[in-house]
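Please consult the sequence and the structure shown below alongside the text.

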Amino acid sequence: MAEGERSGGALGTAPWGSRLLGPADEGAISRRVRVQVLLTVPLIAANLVGIAVAMVLIGVVLPGPSVFTRRLVLLNFVVTPLYAVFAMVVGMTWGTVWGLRTLRWSNDPDHVPDAKQRRAAASVPRRLVIQQALLWLGGLAILTPLYGLVDPVFVPKFVLGIAFSAIVVCANGYLAAEFALRVVTARVLDAAPSRKASGLGVFGRSVLVWMLGSGTPVALLMVVAVLALSGMDISTERLAVCVLSLGGATLVFGGVLMTQTLAATVAPIRGVRNALRRVEGGDLDAAVTVYDGTELGELQSGFNRMVQGLREREQIRDLFGRHVGHDVAAAALERNQELGGEECFAAAIFIDIIGSTTMAASRPAREIVTILNDFFAIVVDEVERYGGLVNKFEGDAALAVFGTPAPLIDPAGSALAAARAIRERLTSATTEFDAGIGVAAGRVVAGNVGAHRRYEFTVIGDAVNEAARLCELAKAEENRVLTSASTVEAADRAEQKHWDTGESVILRGRLKPTYLARPRK
């Protein structure tokens, strides 16, 4: 019961809609005993109530001569009780032995039922009702002729009384069996998730319960009225007793059956509602146990598919964010992305490991990957701490941008502070590598570059090229960090005091001189 068990644990101690069915982590033996008790006790109780109702209807309520006469002592106190006991014993033995044999596979919590076992398990409530109906029909077939031999007037009373009781007992037994076997139904549906909804459905179940719990007593009352109109000798007092008794039966049995039906309908909906609240709170591990074979089961499985889709979407979102940066991912999800970009003021950090070519030639590839991951972990931590985005990993180098796509109040100051922090981390860490760091700020174009079917976010501009050239010069510096005086001037005063302006140089590929700046010692 892979999903059933998991979702049951996720939703608490009532994974099957009722605490009477036990927790999800209950042992196999305890669960088997629980299901057997929930299946047997309600059926026995329903039959006992049915026998009592039949006795009241035949003996007191329905019109006709009384059955409590000396002529019927043998039938009343010997034959009828013997058949009742016989039917109860046969019903329990028959149902228990057949049910245990049919559901033997459910004793193994790891067993996945095959198609034949699933069909047999789904038919258990219906087969149990058929067994109960046959035993009641047996009583009707045996007792009615015996009483009819004494007085033919008893025949209508027995037919109506036993038939009414049998209908109520069978309806109650079917609902009780469906409830007790929810655990087994969940495993059947879990083994065949694509199985179509079966049974009467919510509408059909409600109509049937109304017919059996309310329609049948009213129909019986109408039969009594027809008998009275047809000339049968029925006193006013007896007619009043019939109306009151059958009206009470309609209220009581109709209410009991409708309550059971509503409970079976509400339980799956309540489970989905509670799981929805957990999903709204951000818990994407929430799931419900699918234990209903009607359209409510489709609702349960549909919810599970929806949450699975949300989990997959969140995984894709997280993976997307890890690849392109969470700010870029958020921007891509919030608006339609197109090729091209927009001009903005931003700062760039270019950082490159010194001597990586020699290192790669003398170290195993796996060891180089580990070293690079340690290096990039420091870079990502500090860049994100100051509000930047690591835009690219280029072998043993990285490009970080500040001010796009997420705007910053002081992109230049944030980039300079991040460069100093990265340098401090690399100096204090016990690493086998060193790196040059170049920082520059200016007007750039930030946007998507590539083709309509495949593009990536990037930053293009003189500031990016300048940062790369400064990184090359920084490798020869003692402190390994260089920036331009214009970048320092663009930063806020709090960051400017950490930098000293130095000489001017003409960077490779540039025509104008660049005044250098270094971190203040």
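## Terms and basis of the model

In this report, a residue is buried at under 20% relative accessible area, exposed at over 50%, and partly exposed in between (1.4 Å probe, protein chains only). The model is predicted: local features need pLDDT of at least 70 and side-chain atom pairs count only at pLDDT 80 or more, whereas totals for chains, interfaces and linings use all residues. Residues are numbered from 1 along each chain as its sequence is written, and side-chain values use heavy atoms, with hydrogens and water left out.

## Salt bridges

Across the whole structure, the search identifies 15 salt bridges, each defined as a side-chain nitrogen of Lys or Arg within 4 Å of a carboxyl oxygen of Asp or Glu. One of them pairs R278 with D283, whose closest N and O atoms are 2.3 Å apart. R278 is partly exposed at a relative accessible area of 26%, and D283 is likewise partly exposed at 22%.

## The contacts of E472

E472 forms a salt bridge with R469, at an N to O distance of 3.9 Å. Both residues belong to helix 15 (residues 462-474), where they are 3 residues apart, about one turn of the helix; helices (H or I, at least four residues) and strands (E, at least two) are DSSP runs numbered from the N terminus. R469 is partly exposed, with 23% relative accessibility, and E472 is also partly exposed, at 40%.

A salt bridge also links E472 to R508, with 2.8 Å from N to O. Because E472 lies in helix 15 and R508 in the loop between strand 7 (499-505) and strand 8 (514-519), this pair ties together parts that are 36 residues apart in sequence. R508 is exposed, its relative accessible area being 52%.

## A nonpolar surface patch

V73, L74, F77, V78 and L82 make a nonpolar surface patch of about 500 Å². Patches consist of residues with over 30% relative accessible area and no salt bridge, like charges being joined within 9 Å and nonpolar side chains (Val, Leu, Ile, Met, Phe, Trp, Tyr) within 5 Å. Accessible areas come from the Shrake-Rupley method with a 1.4 Å probe; for residues, only the protein chains shown count as cover.

Within this patch, L74 is found in helix 3 (residues 73-102). L74 counts as exposed, at 56% relative accessibility.
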